[in-house]
Amino acid sequence: MSTVANTIFSPELAARFDHLVTIYPLRRSALVPMLLYAQDEVGYISDAVVAEIAQRIGLLELDVRNVLSYYSMLRTKPAGKYNVQVCTNISCMLRGGYEILDHCKSKLGIGHKQVTPDGAFSLEEVECIGACCWAPAMQVNYDFHDNLTTIKVDEILENYRAGQGKDIK
């Protein structure tokens, strides 16, 4: 049973949040996981999300916003249906990560943390997605793509544009 009477979250996520605050020695430790789960369900961290999570944990909204502003993977604006994250950390950088990022910028017509006018794609430069052995790499939502070339990126983006990619965030 949810600890918040009029939750903005699905019953499943509300139940998950109720459980999360019980498994940590301090309720506050559930904050980042809750923000990530909320972002996956809502699409971004809205004011309503901040307010409810603060209430669930027993924090001030300011405390939630302070954490929110620290982590670059948390968004305060909606992303595209397909959020393209291109890694430019050392392994990817050495194997063409910046070229892949520049190609995505050109192909999509947007820059870092921007969304295409149709809302289909957003683009982010990220520090590391943990695919160093298969660099350069990117992920679209939670779907990894590695050993990239500009040709392979074009094929991947076209598959998503055609609705053939995973749209789970």
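Helices (H or I, at least four residues) and strands (E, at least two) are DSSP runs, numbered from the N terminus. Counted that way, the protein has 7 helices and 5 strands. Starting at the N terminus, the order of these elements is α-α-α-α-β-α-α-β-β-β-β-α. The structure is a predicted model, so local features need pLDDT of at least 70 and side-chain atom pairs count only at pLDDT 80 or more, while totals for chains, interfaces and linings use all residues. Residues are numbered from 1 along each chain as its sequence is written, and side-chain values use heavy atoms, with hydrogens and water left out.

On to the overall picture. The C-alpha trace spans about 50 × 30 × 25 Å along its principal axes. Of the 169 residues in the protein, 43% are buried, where buried means under 20% relative accessible area, exposed means over 50%, and partly exposed is in between (1.4 Å probe, protein chains only). Contacts, meaning heavy atoms within 4.5 Å, can also be sorted by how far apart the partners sit in the chain. Among contacts between residues at least 6 apart in sequence, 61% join residues at least 24 apart.

The axes of helix 3 (residues 47–57) and helix 4 (residues 61–70) come within 8 Å of each other and cross at roughly 120°. That angle makes helix 3 oblique to helix 4. Here axes are lines fitted to C-alpha atoms, for helices over the stretch in contact, and angles run from 0 to 180 degrees between N-to-C directions. As for the labels, angles under 35 degrees count as roughly parallel, over 145 as roughly antiparallel, 65 to 115 as roughly perpendicular and the rest as oblique. The crossing of helix 3 and helix 4 is right-handed; a crossing gets that name if the near helix is turned clockwise from the far one by less than a right angle, and is left-handed if anticlockwise. On the helix 3 side, Asp47, Val50, Ala51 and Ala54 meet Glu61, Val64, Arg65 and Leu68 of helix 4. Sorted by class, this contact of helix 3 with helix 4 has 5 nonpolar, no polar and 3 charged residues (Ala, Val, Leu, Ile, Met, Phe, Trp, Tyr, Cys and Pro count as nonpolar, Asp, Glu, Lys and Arg as charged, and the others, Gly among them, as polar).

Helix 3 also has buried residues, namely Val49, Val50, Glu52, Ile53, Ala54, Arg56 and Ile57. Their cover includes helix 1 (11–23), helix 2 (31–42) and helix 4. Just after helix 3 comes glycine 58, with a positive phi of about 85°.

Helix 6 passes helix 7 in a right-handed crossing. From helix 6, the contact takes in Ile100, His103, Cys104, Lys107 and Leu108, and from helix 7 it takes in Thr150, Val153, Asp154, Leu157, Glu158 and Arg161. By class, the contact of helix 6 with helix 7 comes to 5 nonpolar, 2 polar and 4 charged residues.

Next, the aromatic rings. Searching the whole structure turns up 4 aromatic pairs, where rings of Phe, Tyr and Trp (its six-membered ring) pair if their centres lie within 6.5 Å, and planes under 30 degrees apart count as stacked, over 60 as edge-to-face and the rest as tilted. In the pair of tyrosine 82 and phenylalanine 121, the ring centres are 5.7 Å apart and the planes sit at 45°, so the pair is tilted. Tyrosine 82 is in strand 1 (residues 82–87) and phenylalanine 121 in strand 3 (residues 121–126), so this pair ties together parts that are 39 residues apart in sequence. Tyrosine 82 is buried at 4% relative accessible area, and phenylalanine 121 is buried too, at 0%. Ring pairs also bring in Tyr160, linking Tyr82, Phe121 and Tyr160 into a cluster.

Finally, some loop details. Alanine 135, in the loop between strand 3 and strand 4 (138–140), is joined to proline 136 by a cis peptide bond with omega of about -5°. Alanine 135 is buried, at 1% relative accessibility. Leaving out residues up to four places away in sequence, alanine 135 touches Ser91, Cys92, Arg95 and Asn147. Asparagine 147 itself has a positive phi near 50° and is partly exposed, at 39%.
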